[in-house]
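Welcome, and thanks for taking a look at this one with us. Please keep the sequence and the 3D view open side by side as you read.

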Amino acid sequence: MATIDMVELTKRYGSVVGVEALSFSVEEGEVFGFLGPNGAGKTTTIRTLLGLLSPTTGTATVLGADVRDESALIEAKRRLGYVPADLGFDEGATGERILDYHASIKGDTRREELLDLFTPPLDRQVREYSTGNKQMLALVQAFMHDPDLVIMDEPTSGLDPLKQERFYEFVREERERGTTIFFSSHVLSEVRRICDRVGILREGQLVALEDVETLLNRGGKRVRVRTVDDVAPEAFDIEGAFDIRSTGEAIEFTYAGEYDALIALLGDHRLLDVEIDEPPLEDVFMHYYGERGSDDGEPDAGTDDAVAQEVSDA
Amino acid sequence: MLEIARYEAERRRRGTVALTVGLSILSLFFLAFFPSMADLDLDAYAEAFPPAFQEAFGIQALGTIEGFLAVEIYQFLWLLLLGLYLAYTAGGLIAGDVERDRMDLLLSLPVSRARVLGEKFVSLLPVLVTLNVVVPIVIYGGVAAIGESLDPVDLAMVHLLSIPYLLACAGIGLVLSTAVRRADVARRGAIAAVFALFLVDSVSASSADFDWVGAVSPTYHYNPTEILVEGTYDITGAGILLALTAVLLALALVRFRRNDVGA
């Protein structure tokens, strides 16, 4: 049985759609990235999985428990850890007291081990914590009872780069131990580094469900070239390059073709500078879905449905 | 069990101590005035108030230490001030956590909503018990210090029977805390509700025809003046208040279980 299984999960707030007919599974032992721009419905999904919001229609199971069944879900929560997006810790309590409190309810067999890795100043009050310290406290809290599933809502926001590295390393180790991890993010680079699979949410709908590899290959790279001579943007119009434009001093395009072909093409010019970078998530969306949308000759609004249909058929 | 209640009560410990010390000092301060007032004709003074006012503050036998305590301390501090405090505090119990994003973390733990609600309510008991144990001892000592005497059983009863009353006030706050999204609105609403009920009781009590209307108010069922001055205990009233508390808790629970948290 899948660790998380959503069946036509829908949450509306009055007439506003939070998420619409989400159907997908997160398998045991998998690191699943839940990707989407802000406001796409990631937090709504997570809160519904935790039983904080009740689904309007459809449902989901978490560790085998139906999210509409409170007592079953409570049993499941003994094996579940959670890092919320907005860290609501008691400002006047010390980190230590908060961990003690949570431990008294769910246990803390791994607390010391985690505190070697993440080091919030436990003897100080949370009101003195930086965002990074709060985030570390949340991580220790989420993993300290050795859960089978950990759900995290934007867990790396606020961590400095060093701590982020440690976090990625830690997530890989957790996967080795068999922990299932479901986390939301709007940062493509972190998703590519630690996730096995990715679901992309856009305006409340699941628009893609992919292996990370596939997603990135489709998304391509952002290439920025400065040449010595004036070169027309058309010179870079090769197979796999799209959205080519000149910014005045440089030419930018997105490239999803063979790397050898790109390198060969770049070799034809005298270069001042070249950057090959990951595209921002918005660009991945645009190229990944925009292209297919234009194939169908449909405007933007129809694109989501078409792709979602394809995803659910797959 | 009771981990949530223990934590919440602990977080409120400093407030509990401050409130207990404050009310003790204020009580002693009132008591210190009593000897100097003995020269005045307080009963004539009491008669001078309109009937509604006499009812509202239970003004009777103001010249005796019992009547004096009943008005200055119990009608005012205990019935009104503490009633409002409990309603205010309970008003923040649920809404406060929801508003500050603490509730989703709490509910991600293996706890039911019923347990969260119940234990948060129970966490108010330590403040009630502390106040009702410490303050009567201080008052008893204070009364002796000014050379007066007071029936210790009546004094104990005025405190014991205040607990169901204060729980009912907290129950009103808790219902609002689950019904209103913003903690501030819930807290202020709770204060307004308890105060309005107090006024309904006071005003209706002065009219023989509408006396029954006051029964909707918790204040109707707890009468410190009766206990201290006449030595009669309204046990039925206490029962009604406990039943009312149970109904309010049930209402709050129904509401809280249905609510979307963090929508």
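Predicted model: local features only at pLDDT ≥ 70, side-chain atom pairs only at ≥ 80, totals over all residues.

Residues are numbered from 1 along each chain as its sequence is written, while chains are lettered from A and ligands numbered from 1 in the order in which they are written.

**Chain A overall**

- Chain A has 11 helices and 14 strands; these are DSSP runs numbered from the N terminus, with helices being H or I of at least four residues and strands E of at least two.
- Of the 314 residues in chain A, 40% are buried (20 or more other C-beta atoms lie within 10 Å of the residue's own, with C-beta atoms placed from the backbone).
- Taking the contacts in chain A between residues at least 6 apart in sequence, 66% join residues at least 24 apart (a contact means C-beta atoms, placed from the backbone, within 7 Å).

- Strand S1 (residues 4–13) of chain A pairs with strand S4 (residues 57–62) of chain A in the antiparallel sense, over 5 bridges (pairing requires at least two DSSP bridges between the strands).
- Within that pairing, Thr10(A) has Thr57(A) in S4(A) as its bridge partner.
- S4(A) also pairs with strand S5 (residues 65–66) of chain A, again antiparallel, over 2 bridges.
- Here Val62(A) is bridged to Ala65(A) in S5(A).
- The hairpin of S4(A) and S5(A) has 2 residues between the strands, and Leu63(A) takes a positive phi near 50° there.

**The four-stranded sheet of chain A**

- An open antiparallel sheet of 4 strands runs in the order S12-S13-S11-S14 (chain A).
- Its edge strands, each pairing on one side only, are strand S12 (241–246) and strand S14 (271–277) of chain A.
- On average, neighbouring strands of this sheet are turned by 15° against each other, direction ignored (axes are lines fitted to C-alpha atoms).
- S12(A) pairs with strand S13 (residues 251–255) of chain A in the antiparallel sense over 4 bridges, and Ala241(A) stands opposite Tyr255(A) in S13(A).

**Where chain B meets chain A**

- In this interface, 18 residues of chain B are in contact with 22 residues of chain A.
- Helix H1 (3–11) and helix H7 (102–108) of chain B each supply at least two residues of the side of chain B that touches chain A.
- H7(B) gives the most to that side, with 5 residues.

Definitions and conventions
Contact = placed C-beta atoms within 7 Å. Buried ≥ 20, exposed ≤ 12 C-beta atoms within 10 Å, placed from the backbone. Axes fitted to C-alpha atoms, helices over the stretch in contact; angles between N-to-C directions.
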